[in-house]
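Please read the points with the model in view.

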Amino acid sequence: MTVSKSAAAVAASPSAVTGGHGPRRSVLFFAFAFAVIADPVSSVAYAIEAALRALHGDLALLLPTMSLVIGLVVVVTANYWQLVRRFPKGGGAAAAAGRAFGARWTFLPIGALVVDFVLTIGISIAAAASAVIALFPGLAPVRIPLALLLVVVVAGLTWFGHAGRLLFAVMTVAFVVISVSVLILGFTAPHATGHAVPSTDPGRSAVLAVVLAFPVAMALATGIEAPSTAIAQLGQLDDTHRRRFGRGTLALLVVIVGGLTLALTALAVQLHIGIPAADATQIADIALSAAGPGWLYGAFQLTSSLLLLAAASSSFQAGPGLLKALSGTAERPGVLPPVLGRTNRHHTPYWSVAVYLAAAALILIASAGQEQQLVLFYAVAVFVSFLVGLVAMARFARREEKTALAWLNGVAAVAVAFTLAVNLLRGWPMLSLAATLLVAAGLYVRWIRAGRPTGIEDVEARAEAE
């Protein structure tokens with residue numbers, strides 16, 4: 001995910017560069033942080049329902065499952081806290097892998113991100129369409145055309161580059177504010193309650209049911225890497241303040257995403273909101289039961305759909321930006337064909353946008369525009385990147401003889417590997433892993449043929465900075 005260039009421009013003042021505490025730096029942090037966390041916050045719209053479906057509707061196990069999800073989110077975030085400290089100019093897992101194991105290993109997290117951006121666009125657009133259909137059920141028969149229309153509109157808006165990206169922060173804040181209002185009303189004076197059975201027989205031990213279900217909801221963890229790469233856009237700040245921005249954003253991400261997720265989950269259990277009907281979503285049912293069919297429910301659906309579109313737009317910026325960085329320049333040899341780096345006057349790599357548009361449209365059609373079909377594939381590619389980053393940070397810690405940190409990163413890597421393995425055992429998510437490995441291998445071969453151009457470890461940072 002990228003952050004608004006217009007927001008980054010705020011940092012041009014001397015006070016921002018030197019770390020003054022004036023309003024300009026506060027506005028910059030607001031714009032940066034809330035724009036960057038739009039993706040993980042938007043994941044709340046479908047992650048809780050994904051967990052409930054994996055639990056076969058057992059509401060009694062939903063809160064323990066989502067608590068485990070948030071615990072792993074904290075673990076992964078702790079690793080990126082270290083990454084921000086080590087790479088204050090950006091770079092994320094790709095920079096860590098390249099410097100820990102050599103340039104060739106950079107392509108594994110890069111391949112994972114290329115696939116993850118496509119899936120982020122697809123699932124965000126599908127979830128936005130579902131939010132609209134939940135508000136206007138009459139649109140259900142045209143779900144796929146609606147999703148395709150939305151993806152074309154969002155892709156078209158990228159023609160104008162980063163203009164208006166500051167609105168991402170506003171959308172995130174609006175969704176959080178409306179969600180808090182729904183939660184307060186739901187816990188104190190709900191409009192109605194659902195009819196789901198509080199507990200069912202999972203057919204196996206409760207612990208096993210939770211362990212097998214939580215990896216599906218780890219879609220909530222996507223977007224955690226964004227702060228570690230997006231800080232590359234803050235070129236006007238020194239390393240110290242880029243670290244503070246990155247770490248502050250990570251802390252805000254955990255608080256907001258964790259708080260909203262657990263609160264909405266608890267409300268779903270209290271109001272007996274189970275697996276939704278075909279043309280509804282669980283989060284929409286929660287809001288409807290809490291607030292009733294009035295303006296607050298409409299505002300909740302509207303802000304959630306806009307936030308999901310913002311998340312899709314962010315990946316339409318970041319994904320093509322990564323392909324552009326890989327295509328190189330006249331001065332620096334690239335890995336991909338130069339055509340993918342061609343830009344319009346708004347600096348948008350339009351052919352790269354077209355590649356992502358085509359890929360996203362294909363998966364929307366294949367999934368019939370259903371975000372819950374895509375969730376199974378979602379928390380695979382990005383977890384490959386998480387795993388590589390954790391192993392790299394563990395190696396750094398061992399080199400520097402930081403035993404406690406090495407053990408922490410090692411345990412976190414095992415937890416991430418387990419999550420990845422459970423998702424892969426479901427069968428179809430193997431396609432995400434295959435796509436990740438195929439993209440990584442293809443990029444590696446092209447890198448070899450291009451003469452192994454240097455600086456590939458910093459491609460994520462260049463993609464953001466450019």
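1. Phe30 is partly exposed, with a relative accessible area of 33%; here buried means under 20% relative accessible area, exposed over 50%, and partly exposed in between (1.4 Å probe, protein chains only). Phe30 belongs to helix H3 (residues 23–36), where helices (H or I, at least four residues) are DSSP runs numbered from the N terminus. Together with Leu167 and Val170, Phe30 makes a nonpolar surface patch of about 260 Å².

2. The model is predicted: local features need pLDDT of at least 70, side-chain atom pairs count only at pLDDT 80 or more, and totals for chains, interfaces and linings use all residues. Residues are numbered from 1 along each chain as its sequence is written, and side-chain values use heavy atoms, with hydrogens and water left out.

3. The patch rests on residues with over 30% relative accessible area and no salt bridge, with like charges joined within 9 Å and nonpolar side chains (Val, Leu, Ile, Met, Phe, Trp, Tyr) within 5 Å. A salt bridge is a side-chain nitrogen of Lys or Arg within 4 Å of a carboxyl oxygen of Asp or Glu.

4. Neighbours within four places in sequence aside, Ser179 is in contact (heavy atoms within 4.5 Å) with Leu260 and Phe300.

5. Gln82, in helix H6 (residues 62–86), is buried, with a relative accessible area of 12%. Apart from neighbours within four places in sequence, Gln82 is in contact with Met393, Leu405, Leu408 and Asn409.

6. The largest nonpolar core has 153 residues; such a core is a set of buried Ala, Val, Leu, Ile, Met, Phe, Trp, Tyr and Cys residues joined through side-chain atoms within 4.5 Å. Helix H8 (residues 107–135) gives the most to this core, with 19 residues. Among the members that touch the most others are Tyr46, Ile125 and Ile224. Ile224 touches Val73, Val76, Thr77, Tyr80, Leu250, Leu253 and Phe386, not counting residues up to four places away in sequence.

7. Helix H14 (residues 282–291) is largely enclosed by the rest of the structure, because 7 of its 10 residues are buried. Those buried residues are Gln282, Ile283, Ala284, Ile286, Ala287, Ser289 and Ala290. After H14 comes Gly292, with a positive phi near 80 degrees.

Terms used. Areas by Shrake-Rupley, 256 points an atom, 1.4 Å probe, with all protein chains shown as cover. Helix = DSSP H or I, 4+ residues; strand = E, 2+ residues; numbered from the N terminus.
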